[in-house]
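Hi everyone, thanks for coming. Let me put the structure up, and then I'll walk you through it.

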Amino acid sequence: MPEAYLSIQGVNKTFDSFTALREINIDIKKNEFICLLGPSGCGKTTLLRIIAGLEKPTRGRITVGGKDITDLPPSKRNFGMVFQSYALFPNLTAAQNLAYGLQGRKLTKKEISDKVNEALSLVDLLHLKERYPAQLSGGQQQRVALARAVVLSPDFLLLDEPLSALDAKVRTKLREEICSLQEKLGITTIMVTHDQEEALTMADRIVVMNNAEIMQVGSPQQVYDQPESPFVADFIGSINFLAYGPRKGNLPLTNFAVRPEHIRISSSGSGYQAVVKHMEFRGPFYRLILQPIRELKDLLGNQLLSVDVSAQHAHKLNLMKFAEVSVEFPQDRVITFTPDDVVTA
Ligand SMILES: Nc1ncnc2c1ncn2[C@@H]1O[C@H](COP(=O)(O)OP(=O)(O)OP(=O)(O)O)[C@@H](O)[C@H]1O
């Protein structure tokens with residue numbers, strides 16, 4: 001394992017008596033893209049602000065390349081930052097917004113202009129460099145903000161919900177653009193988001209947080225397929241929590257959970273039976289809500305199951321409301337938690 005580039009060690013933060021962060025430890029590799037993911041109020045922004053030096057930790061330290069930066073002011077930490085609200089100067093053009101931060105850096109006018117043009121080209125906005133923020137769309141303004149964050153050749157990039165204010169289509173496009181910019185520049189990046197899809201699609205590793213603590217750190221596949229707690233399983237994607245019951249067939253003894261797309265259904269089979277209570281069309285797939293009957297009802301009681309089936313499969317099975325279906329839980333897709341972790345609905 002390569003040595004951590006950016007290291008967050010035992011960071012705690014309290015505001016008066018309120019604990020915003022508790023024992024945060026994260027080792028981030030050079031060029032890595034990390035997403036801090038969690039519900040509102042879990043401490044993501046506070047952690048990002050501590051990394052930026054905008055907030056002081058109550059305890060713990062931050063190192064970059066082995067150097068302790070915990071007591072350095074923000075101006076002495078070499079990072080670029082992008083906020084949800086773009087935060088561009090409204091009275092400066094796109095190019096001037098970028099040039100502003102370069103002015104204290106002992107560069108010639110030509111060097112500044114070259115750097116500005118280069119950064120604006122990276123986000124494909126060179127042709128709009130003379131526009132003022134008000135003359136740019138939300139997505140374009142955020143690209144200017146990104147260019148402004150990277151024009152200073154920072155050691156790392158901090159992004160605080162940079163896509164939240166944008167509409168769905170622009171958001172998806174900018175996701176790709178941020179990732180390709182990050183790859184091209186090879187810049188260590190930490191992004192705060194509460195959007196699980198954003199984290200899954202963009203991050204090398206996701207840090208899942210809740211209530212001031214880290215719940216799990218792992219690749220998108222790890223946190224999705226091997227969640228270590230019901231919280232992580234539930235926060236990332238949809239999941240069926242199925243309460244305790246006696247062992248039957250291939251269902252495990254302990255409490256278990258299974259994602260809707262991993263439950264298999266067929267029109268007739270020897271497995272458990274359920275009735276389609278509700279069918280929701282979601283474009284490429286249907287989300288079915290199933291009511292267990294007979295043996296499955298003995299096992300699960302009245303808990304409903306969410307199951308995703310491709311539109312093609314649904315048509316093949318001629319699925320409709322009140323249809324009886326056979327349900328299978330592939331063993332390798334069943335997630336079990338230790339009893340302490342289990343929350344029952
Ligand atoms: N300066 C402050 N003084 C007191 N409490 C604060 C301060 N800053 C943050 N908090 C509290 O710390 C907790 C974590 O806040 P933070 O902004 O880090 O959460 P977050 O996970 O980024 O949430 P969101 O997604 O809503 O921005 C919240 O309960 C917040 O009210």
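Of the contacts in the protein with a separation of 6 or more, 66% are between residues 24 or more positions apart; a contact here means that two C-beta atoms, placed from the backbone, lie within 7 Å. Please keep in mind that this is a predicted model, where local features need pLDDT of at least 70, side-chain atom pairs count only at pLDDT 80 or more, and totals for chains, interfaces and linings use all residues. Residue numbers start from 1 along each chain as its sequence is written.

Now the overall picture. There are 10 helices and 18 strands in the protein; these are DSSP runs numbered from the N terminus, with helices being H or I of at least four residues and strands being E of at least two. The C-alpha trace spans about 80 × 45 × 35 Å along its principal axes. Of the 345 residues, 32% are buried. Buried means 20 or more other C-beta atoms within 10 Å of a residue's own, exposed means 12 or fewer, and partly exposed is in between, with C-beta atoms placed from the backbone.

How is the protein divided? Into domain 1, residues 6-235, and domain 2, residues 240-341, with bounds that come from an automatic or database domain assignment. Taken over C-alpha atoms, the domain centres are 39 Å apart. Contact between them involves 4 residues of domain 1 and 5 residues of domain 2. On the domain 1 side, those are 3 nonpolar, 1 polar and no charged residues. For classes, Ala, Val, Leu, Ile, Met, Phe, Trp, Tyr, Cys and Pro count as nonpolar, Asp, Glu, Lys and Arg as charged, and the others, Gly among them, as polar.

UniProt, in an unreviewed entry, lists residues 6-236 as "domain: ABC transporter"; such annotations may be inferred rather than shown by experiment. That span is 35% helix and 26% strand, and its end C-alpha atoms lie 25 Å apart.

Next, the ligand. Which residues are around it? They are F15, F18, A20, G38, S40, G41, C42, G43, K44, T45, T46 and H194, where being near means a C-beta atom, placed from the backbone, within 6 Å of the molecule. By class, this shell has 4 nonpolar, 7 polar and 1 charged residues. Both β2 (18-28) and α1 (44-52) supply at least two of the residues, and α1 gives the most, with 3.

Let's move to helix α2, residues 94-102, where we find G101. Buried or partly exposed? G101 counts as partly exposed because it has 15 C-beta neighbours inside 10 Å. Not counting residues up to four places away in sequence, G101 touches R148, V151 and L152. From G101 to S267 is 64 Å in space, C-alpha to C-alpha, and 166 residues in sequence.

The buried residues of α2 are A94, A95, N97 and L98. They cover an arc of only 165 degrees around the axis, so they are on the same side of α2; the arc is taken from the directions from the helix axis to the C-beta atoms. Among what covers these buried residues are α3 (109-122) and α4 (138-150).

Finally, L125 sits in the loop between α3 and α4. L125 is buried because 21 other C-beta atoms lie within 10 Å. Leaving out residues up to four places away in sequence, L125 touches A94, L120, Q140, R143, V144 and A147.
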